[in-house]
Amino acid sequence: MKDYSDKFVVVGAGPVGLAIAKSLKHNGIAYDQFEADDDVGGNWYHGVYKTAHIISSKHTTEYPDFPMPDDYPDFPSAQQMLTYLRAYADHFNLRPQIQFNTKLVMARPTQNELWEIELANGEKRTYKGLITCNGHHWDKRFPSYEGNFTGEYVHSKDYKDPSQLTDKRVLVIGGGNSACDIAAEAARVGKSCDLSLRRGYWFLPKTLFGQPIADSPVTHIPLFLQRLFLRVMLRVVFGKYETYGLPKPDHKIFEHHPTLNNELLYYVKHGRIKPRNDIARFDGNKVHFVDGTSCEYDIVVAATGFYVSFPFLPKDLVPVTGGLAHLYASSVLPDYKHLYIIGTAQPRYGFGPLITPAAELLCQMIKMQDEMELPIGLVMKESGVKLPKTHLVNPIEALRNMKRAKWFLPLLVRKEKRLRKKLKEKPQIKQNLKVEVNPDLQVY
């Protein structure tokens with residue numbers, strides 16, 4: 001087994017992994033970086049459809065220390081995003097540390113507080129710590145229905161090009177951003193398009209007062225006022241969702257990830273998208289809905305999200321409920337030193353303004369952990385830090401919390417010394433943790 005115990009290993013070279021690598025390099029923390037694909041970009045490389053555009057805005061997505069080009073539109077395309085991420089990697093000279101076409105298939109803690117890892121080629125190494133940035137848009141979640149659909153049944157992750165929908169009777173399942181984008185595409189090129197919803201969603205416009213809604217001053221006012229303002233605005237501009245045949249939202253705005261789309265309601269009113277109830281069962285190429293109606297389709301696209309998973313870690317090492325990973329500071333567990341899970345939370349808008357300061361905070365945590373004998377996650381737990389209740393993040397609030405954390409974290413060193421005396425002996429690391437190694441698993 002090769003010894004790299006003076007280094008960390010970063011898993012993934014997408015938007016989050018690149019920002020983490022840049023901060024590690026800036027702070028003089030030695031690391032290697034594994035990327036299963038053959039280039040940087042993560043989901044923006046070839047994980048999204050060709051016609052995709054970001055839903056936030058370029059200013060709320062760009063890294064603060066590397067702005068997007070001035071000639072980029074408010075909502076850059078998938079290709080522009082990939083070009084930008086490649087330029088970021090080149091600008092900060094991150095590629096030399098990235099091992100492409102290198103898949104991590106196993107990682108587990110050792111008794112001496114290091115991390116044993118195994119690669120898909122069978123090579124085994126030991127590292128000081130593990131920083132996982134493997135993304136949450138790859139482990140496809142399909143809904144379960146009675147019966148079988150004999151037409152084409154794909155996940156939104158498998159949708160790449162409008163030609164897949166041309167002249168077909170299309171049913172899209174879901175009401176999130178991908179679902180509405182694909183439904184709008186089907187409305188343009190398909191023979192017909194239906195949209196199956198099991199609950200109500202808040203459909204927000206991508207722009208407000210002529211600028212991206214994520215750039216609006218409204219995002220800086222208290223949450224209850226944001227909700228009040230948006231409800232009034234939506235009622236004035238669109239009226240009730242029920243008049244479109246859409247179910248009434250069953251939650252407050254921002255309690256679930258909002259859907260930003262300007263085309264869905266437009267195509268519903270033009271008869272190109274027909275809202276449908278939840279699915280009851282499949283029967284050949286016919287789909288039966290819970291309201292007793294049915295229709296035949298050529299293709300069903302399940303835009304039903306993804307599981308948050310870490311296939312290279314022992315099962316249940318990271319507790320996950322629904323889409324929420326139970327991590328202190330959204331990154332650490334109380335049981336292990338130098339295991340950092342980054343990027344499981346979902347901000348309302350883009351990644352750059354949050355991941356950049358978060359990466360610097362991570363480096364501060366790594367240096368502090370080196371001063372502690374106990375896991376920093378355990379010290380946080382015993383200090384009263386609460387686990388997150390939702391995977392959704394208010395960016396303004398998150399930035400405030402990170403500023404506070406810069407001052408709060410040093411206090412944990414003293415807290416750790418007191419806690420160490422209280423516990424008398426260190427918690428034991430679980431031994432012989434099993435990982436189901438699958439070198440063929442598609443992880444992007």
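Modeller: A residue is called buried under 20% relative accessible area, exposed over 50% and partly exposed in between, with a 1.4 Å probe and protein chains only. By that cut-off, 52% of the 444 residues of the chain count as buried.

Colleague: What kind of model is this, and how are residues numbered?

Modeller: This is a predicted model, where local features need pLDDT of at least 70, side-chain atom pairs count only at pLDDT 80 or more, and totals for chains, interfaces and linings use all residues. Residues are numbered from 1 along each chain as its sequence is written, and side-chain values use heavy atoms, with hydrogens and water left out.

Colleague: How many helices and strands in the chain?

Modeller: There are 10 helices and 23 strands. Both are DSSP runs numbered from the N terminus: helices are H or I with at least four residues, strands E with at least two.

Colleague: And the radius of gyration?

Modeller: It is 23 Å, close to the 22 Å from the globule rule for 444 residues, so the chain is as compact as a globular protein of that length. The radius is taken over C-alpha atoms, and the rule is 2.2 Å times the number of residues to the power 0.38. Along the principal axes, the C-alpha atoms fill a box of roughly 65 × 50 × 45 Å.

Colleague: Which residues touch the most other members of the largest nonpolar core?

Modeller: Leu18, Ile20, Tyr63, Ile131 and Val172, out of 98 residues in that core. Such a core is a set of buried Ala, Val, Leu, Ile, Met, Phe, Trp, Tyr and Cys residues joined through side-chain atoms within 4.5 Å. Helix H7 (residues 352-369) gives the largest share of this core, nine residues.

Colleague: What does Tyr63 contact beyond its sequence neighbours?

Modeller: Leaving aside neighbours within four places, its contacts include Leu18, Tyr84, Phe351 and Ile355. Contact means heavy atoms within 4.5 Å.

Colleague: Which residues are in the second core?

Modeller: That separate core has 25 residues, including Trp115, Val308, Ile341 and Ile429.

Colleague: Switching to Ser23: buried or exposed?

Modeller: Ser23 counts as buried, at 2% relative accessibility. Ser23 lies in helix H1 (residues 15-26) and touches Thr356, Ala359, Glu360 and Cys363, not counting residues up to four places away in sequence.

Colleague: And where is Ala398?

Modeller: Ala398 is in helix H9 (residues 395-408) and counts as buried at 15% relative accessibility. With residues up to four places away in sequence not counted, Ala398 touches Leu354 and Val393.
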